[in-house]
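Let's take a walk through a protein model together. Keep the sequence and the 3D view side by side as you read.

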Amino acid sequence: MTSLASRLAEVDGSIADAARSAGRDASDITRIVVTKFHPASLVRDLHDLGVRDVAENRQQELTAKRAELGELDGMRWHFVGQLQSKKARAVRDAADVVHSLDRDKLVSALADPGAGALDVLVQVNLTDDPGRGGVAPAEAERLAERIEEADGLHLRGVMAVAPLGEEPAPAFERLARVAERIRAVAPDASWISAGMSQDFPDAIAFGATHLRIGTAITGPRPPQD
Ligand SMILES: *Cc1c(COP(=O)(O)O)cnc(C)c1O
């Protein structure tokens, strides 16, 4: 087995263990591999290993990799980075799921009455720093209502990154409560995108349905340019 295949298998084993401890079915959990900064060839290698969900955090990199790889059978591309409204159109064209919808301006920038529905998640800021990505928990339902009213957007749930320098579990618990409130507005919005290489077992314990795992599977990222 290549090292990529063995890291993937090891992470999937840990996901299964965490699901079992939480009394959950691992088949209800989607493992997304974050491929940012790695060459497009890594995405092809992952596809060969059966991976069907990958994530990028920069529009130009996402667009370039999709162009380079062409159609990869069954692959879903997730966008998880901070999104500028001027790049929303290009992200809409290149992504199957956008995890980082966190303000009104992006609702109108991503909406498109002429297109099929784009899956989107409300990104929630779990820190006290308003400069971090995500809508404040108190504003999340209002944003969800805006998305429900918009054309061409399908609200699937919530996304968050655990705050640095804090235990992740209480933060994921707060996210689960926001997710519950959003489901009251949008019953279909059942996804919780949470958990990265360092904290995915805690995210699973608090109901994460979509994990965004990078380095634990890909190995260290090449330096950013
Ligand atoms: C890079 C990134 C990840 C993956 O982080 P790892 O620590 O490498 O697992 C997950 N979510 C977002 C939003 C990211 O930017």
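Two residues are in contact, or touch, when they have heavy atoms within 4.5 Å of each other. With that in hand, Pro222 touches Phe37 and His38, leaving aside residues up to four places away in sequence. The model is predicted, so local features need pLDDT of at least 70 and side-chain atom pairs count only at pLDDT 80 or more, while totals for chains, interfaces and linings use all residues. Residues are numbered from 1 along each chain as its sequence is written, and side-chain values use heavy atoms, with hydrogens and water left out.

Pro222 lies in the segment after H9. Pro222 is partly exposed, with a relative accessible area of 30%. Here buried means under 20% relative accessible area, exposed means over 50%, and partly exposed is in between (1.4 Å probe, protein chains only). Between the C-alpha atoms of Pro222 and Leu46 there are 17 Å, and the two are 176 residues apart in sequence.

Now look at Phe37, one of the residues that Pro222 touches. Phe37 sits in the loop between S1 and H2 and is buried, with a relative accessible area of 18%. Its phi is positive, about 70°, although Phe37 is not a glycine.

Next comes helix H1, which covers residues 3-21. Its 19 residues reach 27 Å from the first C-alpha to the last, close to the 27 Å expected at 1.5 Å a residue; the expected span is 1.5 Å times one less than the number of residues. Which residues of H1 are buried? They are Leu4, Ala5, Leu8, Val11, Ile15, Ala18 and Ala19. Seen down the axis of H1, these buried residues fall within an arc of 150°, so they line one face of the helix. That arc is taken from the directions from the helix axis to the C-beta atoms. The buried residues pack against several elements, including strand S1 (30-34), helix H2 (40-48) and helix H9 (215-218). On the other side of H1, Glu10, Arg20 and Ser21 are exposed. After H1 comes Gly23, with a positive phi near 65°.

Finally, find Gln82 in the loop between strand S3 (76-79) and helix H4 (88-94). Is Gln82 buried or exposed? Gln82 is exposed, with a relative accessible area of 58%. Not counting residues up to four places away in sequence, Gln82 touches Arg132 and Gly133.

Notes
Helix = DSSP H or I, 4+ residues; strand = E, 2+ residues; numbered from the N terminus.
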